[in-house]
Number of protein chains: 2
Amino acid sequence: MRRSARPRDPPQLANKKMTDNELQARRRKTATRVDDAYRRLKSEILGNRMAPGFQATEPEIAAMLAMSRTPVREALIRLEGEGLVTLIPRHGARVLPVAAEDMREIYQILTALEPEDAADVAASRPDEAALGPLAAATEEMQAALDRGDLDAWAGADDRFHRNLLALSPNRRLADFVNTLFDQAHRARLITLRLRAAPNRSTAEHRRILEALAAGDAPKTRKLFRSHRERAADELLSILSVSGLSNL
Amino acid sequence: MRRSARPRDPPQLANKKMTDNELQARRRKTATRVDDAYRRLKSEILGNRMAPGFQATEPEIAAMLAMSRTPVREALIRLEGEGLVTLIPRHGARVLPVAAEDMREIYQILTALEPEDAADVAASRPDEAALGPLAAATEEMQAALDRGDLDAWAGADDRFHRNLLALSPNRRLADFVNTLFDQAHRARLITLRLRAAPNRSTAEHRRILEALAAGDAPKTRKLFRSHRERAADELLSILSVSGLSNL
DNA sequence: GCATACTATAATGCATGCGGTAATGTCCTC
DNA sequence: GAGGACATTACCGCATGCATTATAGTATGC
């Protein structure tokens with residue numbers, strides 16, 4: 001038994017009860033249904049298979065996922081925390097739309113945070129192995145562009161940014177930016193084909209990569225900032241021009 | 001009944017089912033136990049009554065709050081999402097410590113985001129009514145300082161920043177910064193008495209307030225950034241000097 | 001005394017039960 | 001046909017039940 005010897009040892013005061021073996025901070029190995037539900041729902045949402053505006057009650061979703069309502073509820077709470085769905089008491093969960101206004105918000109934050117983060121990464125003087133995935137992503141962007149594969153280009157672009165985040169010394173920042181990427185993902189899918197071929201982006205990534213490799217933090221920050229600002233301008237003007245206030 | 005006429009109308013495709021009366025986006029009016037649990041636990045944690053490192057199993061917490069495990073679990077999931085607790089499978093929930101490293105992360109993000117946000121607020125040319133709470137908070141800071149009431153000073157400082165966030169045109173940014181404030185709250189409580197009297201801070205708030213009232217975005221940004229940078233430096237040096245790597 | 005194997009216990013993940021109540025459909029009136 | 005009162009239904013919030021399984025306690029051997 002766990003604590004039969006002290007059945008009611010006031011929890012209010014029981015700081016750091018028992019062994020301090022923090023070691024076992026191992027997170028769950030995703031074998032749970034909650035995690036399965038979370039993953040599957042998130043994948044459906046980000047893949048636009050559950051489009052913005054889609055709505056379903058808990059029993060419906062539970063049936064879809066072949067499990068009971070309990071794990072579904074818990075997964076939905078997480079997704080709500082990440083800004084992907086909203087829970088409306090008698091109407092179940094609803095996949096949130098991504099309005100132009102949301103994209104404005106998201107890009108403003110990204111513009112403020114990513115360059116700062118990239119500069120930090122540069123300052124940490126990442127070695128070639130660390131930057132490998134970034135270089136690979138950049139090359140893949142070029143290759144995808146050459147063969148006109150916009151989806152592959154977008155995927156590689158995403159990989160570049162996420163791999164850079166993986167190098168971040170600021171985990172909190174990286175996690176948050178990652179959820180912003182998730183939120184923006186669907187809108188980018190849609191605008192991808194509404195814009196001119198993203199030639200410049202690839203070149204910008206190359207230059208950022210060079211600055212990173214050189215460990216030049218200020219330069220990295222500056223390059224990254226203009227990269228983000230340009231991307232934000234492009235995206236937002238596409239949204240306003242095409243009147244896509246809701247995606 | 002809700003949809004008895006179409007008992008299994010494929011949820012996968014049932015986008016925007018029924019009426020589009022989005023109006024009813026009214027959030028729950030907090031009458032739920034989940035919300036109660038969330039609020040109470042958060043209050044205990046931020047008030048340091050549940051200190052970092054405190055650990056309790058779900059049944060224990062449920063007993064403390066006089067409710068069943070279900071709402072407790074859901075509240076804990078939210079708190080985990082906000083970075084206040086961590087859930088360790090067989091050990092219940094644990095109140096996260098705030099390490100110096102965490103504070104570094106938090107302040108780096110704040111330094112990047114808050115000035116940007118403040119500049120936006122300035123650009124929106126807030127009227128006197130909007131800035132009223134900020135002015136009041138600033139005065140209260142001074143008054144608290146005059147009578148040596150550090151707690152009141154800290155409270156007023158917090159109010160200043162949160163009230164400014166309330167004016168933010170970027171809700172997403174404001175929400176995130178608010179949760180960062182929550183995370184940093186306890187560490188600030190502790191360092192509050194380890195530092196010199198925060199005289200400068202009040203003056204800085206005054207100048208920021210002037211820039212806001214003048215609608216001078218660049219100036220607001222600059223002032224806010226140096227305000228944040230100084231605060232970060234102070235706090236982090238206190239933490240390192242006093243060897244408080246964990247709070 | 002210390003390491004090891006075994007047993008008992010209780011925390012968790014999830015399913016299910018259940019009352020309240022909002023939302024819907026029906027029926028009626030105008 | 002539009003609007004309103006009423007009845008019905010099934011969703012949600014929460015409690016509870018249950019199998020699994022990690023963990024603490026116990027016993028054993030050295």
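Student: Which residues of helix 4 of chain A meet helix 7 of chain A?
Tutor: On the helix 4 side they are A:Met103, A:Ile106, A:Ile109, A:Leu110, A:Leu113, A:Glu114 and A:Asp117. Their partners in helix 7 of chain A are A:Leu173, A:Val177, A:Leu180, A:Gln183, A:Ala184 and A:Ala187. Two residues are in contact if their C-beta atoms, placed from the backbone, lie within 7 Å. Helices are DSSP runs of H or I with at least four residues, strands are runs of E with at least two, and both are numbered from the N terminus.

Student: Where do these numbers and letters come from, and what kind of model is this?
Tutor: Residues are numbered from 1 along each chain as its sequence is written, and chains are lettered from A and ligands numbered from 1 in the order in which they are written. This is a predicted model, where local features need pLDDT of at least 70 and side-chain atom pairs count only at pLDDT 80 or more, while totals for chains, interfaces and linings use all residues.

Student: At roughly what angle do the axes cross?
Tutor: Roughly 140°, and the axes of helix 4 (residues 100-123) and helix 7 (residues 171-191) of chain A come within 10 Å. Axes are lines fitted to C-alpha atoms, for helices over the stretch in contact, and angles run from 0 to 180 degrees between N-to-C directions.

Student: Switching topic: which residues touch the most other members of the largest nonpolar core?
Tutor: A:Ile109, A:Leu113, B:Ile109 and B:Leu113, out of 65 residues in that core. A nonpolar core is a set of buried Ala, Val, Leu, Ile, Met, Phe, Trp, Tyr and Cys residues joined through C-beta atoms within 7 Å. Buried means 20 or more other C-beta atoms within 10 Å of a residue's own, exposed means 12 or fewer, and partly exposed is in between, with C-beta atoms placed from the backbone.

Student: What does B:Leu113 touch?
Tutor: Leaving out residues up to four places away in sequence, B:Leu113 touches A:Ile109, A:Ala112, B:Leu173 and B:Val177.

Student: How many residues does each chain put into the contact between chains A and B?
Tutor: Chain B gives 29 residues and chain A gives 29 residues. On the side of chain B that touches chain A, helix 4 of chain B gives the most, with seven residues. That side divides into 13 nonpolar, six polar and 10 charged residues.

Student: And the strands? How many bridges join strand 2 to strand 3 in chain A?
Tutor: Four bridges join strand 2 (residues 85-88) to strand 3 of chain A, and the two run antiparallel. They form a hairpin with three residues between them, and A:Val85 stands opposite A:Val95 in strand 3 of chain A. Two strands pair if DSSP finds at least two bridges between them.

Student: What about strand 1 of chain A?
Tutor: Two bridges join strand 1 (residues 55-56) to strand 3 (residues 92-95) of chain A, also running antiparallel. A:Ala56 has A:Ala93 as its bridge partner.

Student: Last one: what is the strand order in chain B's sheet?
Tutor: The order is 1-3-2 in an open sheet of three strands, with antiparallel pairing. Strand 1 and strand 2 (85-88) of chain B are the edge strands, each pairing on one side only.

Methods. Ala, Val, Leu, Ile, Met, Phe, Trp, Tyr, Cys and Pro count as nonpolar, Asp, Glu, Lys and Arg as charged, and the others, Gly among them, as polar.
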